[in-house]
Amino acid sequence: MANTPHGGVLKDLVARDEHLRDNLKAEAHTIPDIVLTERQLCDLELIINGGFSPLEGFMNEADYKNVVDSLRLADGTLFPMPITLDVSREDIDRLSLAPGKRIALRDPRDDEALAIITVDDVYRPDQVKEAIQVFGADDPAHPSVAYLRNKVNEYYVGGKVQAIQPPTHFDYVALRYTPAELRAHFKKLAWRKVVAFQTRNPMHRAHRELTVRAARQRQANVLIHPVVGLTKPGDVDHYTRVRVYEAIMAKYPNGMGHLALLPLAMRMAGPREAVWHAIIRKNFGATHFIVGRDHAGPGKNSQGQDFYGPYDAQDLVMKYHEELQIEMVPFQQMTYLPSTDEYQPVDEVPKGVQTLDISGTELRRRLKTGAPIPDWFSYDAVVKTLRESYPPRLKQGFVVFLTGLHNSGKDAIAKALQVILNQQGGRSVSLLLGDTIRPELDTPFSATPEERSKNLQRLSFVAAELARAGAAVILAPTVHTQAARDAIKSTVLSQAGSGANFFAINVATPLEHCEANDRKGIYTRARAGEISGIPGVDEAFEPFERPQLTVDVTKQNIPEIVHSVVLLLETESLL
């Protein structure tokens, strides 16, 4: 028998509102609408299919504040993660958002109306407090804090939703189950105990051994339930991962395991995320849930320390064990014993027995360089799939991002670097300069700050797509704020696939030199008030944080600077 949903009732809003579907769809044509972001789309799908039970919509202010402060909804129900619909001040005015207002929520991919929200309230959250309470620190090194700072609007809209239809998916349709469908599947197969395994990474032999061992110890079956929504920037894309999961499912004992995909937008919130994941798997019918070491941890903070302790997630899940009503299975680190050709938990290996392991970092190195991956670590079909999606380092694309003041020499450096990379061959080389693309995309001397921001978004998207295709991209616009630089980097890291190799070059030529050698007279016109928005004159050029390289044409000539960039690329095995 599948586990009882969190809160006692599965909130399948699609089924609940089926009889209203035609009326709701017609109403959606007559009311204002919001086009959802990718994360909001993931959240809405799990709201309307019951994956986020007991939620029936996006959190109002009372629920939001309670969740941030105490991991509970306003009625006291355990729920650790804020699920919010963010809007801008312009959205509030444009849509006349106020309590009682009905707004259609649309899919950003095909513009289909998915649900209608009845506004409960519109409120301005304390996002710094949210970062500290939910993620542990207001540190932009945390991907969700960076997302909160750069992509989340300043107001939230709370309210329950009525479901029109779930989002349409065209990929891996047979592997996508709603909670009700997965529960029905377990019932049909008479699975009374189900151990759910959460992952956002490819699986290898150790993961298979871990899950098989957990199931056998509990006389249960295994649900491999990977996340295919938003994960951490730089993660393996979900298409590749699902092919890996399909290959590894054939290695399970017949009838033991089942693969289903979860359209979740992860927050990488460590302990809170583990409790959230347990609730979600409980809603999908699982009775047991594997919680790993540093579960859903985002890596290192700005001081180079782990955001969370290795067992903080397990401790928090155990703290709420009685309310969760899903049994936690602590992750056991598995290691390979060559003498017996088997995997065993590390703490069960006798002292002195030889063990072998390959870290995630080492695996990525081998994939990038084409070095062999032993069959004791992974299966041939898994390695083949990964190699198809992750070509050798010399075939991967990359983005060299140069920015500095106008006339700092960044354009000259970029053009010279293009020549050198073309001379070396092996990749197409794309050059994106402000001067050459300004008529179409980049008009800093006449555009508003909002238009410039959109232009930079377009530029970063183009750069990411070119790098994904294996090109060397030299990107050299004038970007005077660190937030905009971080946004460009984030776009490349999240969208460029195996080409997500990003190198930030700070062209730190002093303003005095830039202005003294300005043949186009941009600075003269700016100081005369003829044009505005010129960094260094009427807008500050913020200090460049964390560049891989800092150069200055008053201290080095162009060939020397270009050579230093080439050496940086060679150090990363890209040339």
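A search of the whole structure finds three cavities of 30 Å³ or more, a cavity being a set of points, on a 1 Å grid over the protein atoms alone, where a 1.4 Å probe fits but cannot get out. This is a predicted model, in which local features need pLDDT of at least 70 and side-chain atom pairs count only at pLDDT 80 or more, while totals for chains, interfaces and linings use all residues. Residues are numbered from 1 along each chain as its sequence is written, and side-chain values use heavy atoms, with hydrogens and water left out.

**Cavities and a pocket**

- The largest cavity has a volume of about 60 Å³, where a volume is the space filled by probe spheres set on the grid points, which are joined across faces, edges and corners.
- Its lining, meaning residues with an atom within 4 Å of a point, consists of R39, M81, P82, T84, E130, F135, S144, L148 and R267, and helices α6 and α7 each supply at least two of the lining residues.
- By class, the lining of the largest cavity divides into four nonpolar, two polar and three charged residues, with Ala, Val, Leu, Ile, Met, Phe, Trp, Tyr, Cys and Pro counted as nonpolar, Asp, Glu, Lys and Arg as charged, and the others, Gly among them, as polar.
- The second largest cavity has a volume of about 50 Å³ and is lined by F398, L421, Q424, G425, R427, V429, A472 and L575, which divide into five nonpolar, two polar and one charged.
- The second largest pocket, a pocket being an open set of points with protein on both sides within 12 Å along at least five of seven lines, has a volume of about 360 Å³.
- Of the 16 residues lining the second largest pocket, E45, P166, P167, R176 and T178 lie nearest its centre, and the lining as a whole has eight nonpolar, four polar and four charged residues.

**Helix α7**

- In helix α7 (residues 143-150), the buried residues are P143, S144, V145, Y147 and L148, where buried means under 20% relative accessible area, exposed over 50% and partly exposed in between, with a 1.4 Å probe and protein chains only.
- Helices (H or I, at least four residues) and strands (E, at least two) are DSSP runs, numbered from the N terminus.

- Five strands form an open sheet with parallel pairing in the order β9-β8-β7-β10-β11, two strands being paired if DSSP finds at least two bridges between them.
- Because β9 (257-259) and β11 (327-330) stand at the edges with a single partner strand each, one side of each is left without a neighbour in the sheet.
- Neighbouring strands of this sheet are turned by 25 degrees against each other on average, direction ignored.
- Within the sheet, four bridges join β7 (residues 194-197) to β8 (residues 221-224), and V194 has N221 as its bridge partner in β8.
- Helix α9 (residues 205-218) lies across β7, β8, β10 (288-291) and β11, running at about 155 degrees to β7; axes are lines fitted to C-alpha atoms, for helices over the stretch in contact, and angles run from 0 to 180 degrees between N-to-C directions.

**Strand β16**

- In strand β16 (residues 472-476), five of its five residues are buried, with A472, I474 and A476 on one side and V473 and L475 on the other.
- Strand β14 (residues 398-404) is joined to β16 by four bridges and runs parallel to it, F398 having A472 as its partner in β16.
- Strand β15 (residues 429-433) is joined to β16 by five bridges, also in parallel, and S430 stands opposite V473.

**Buried single residues**

- D17, in the loop between α1 (13-16) and α2 (21-28), is buried with a relative accessible area of 3%; leaving aside neighbours within four places in sequence, D17 is in contact (heavy atoms within 4.5 Å) with L24, V161, Q162 and A163.
- H204, in the loop between β7 and α9, is buried with a relative accessible area of 5%, and its contacts beyond four places in sequence are I248, L363, F377, S378, V382 and L386.
- Y245, in helix α10 (residues 238-249), counts as buried at 0% relative accessibility, and its contacts beyond four places in sequence include T199, P226 and L259.
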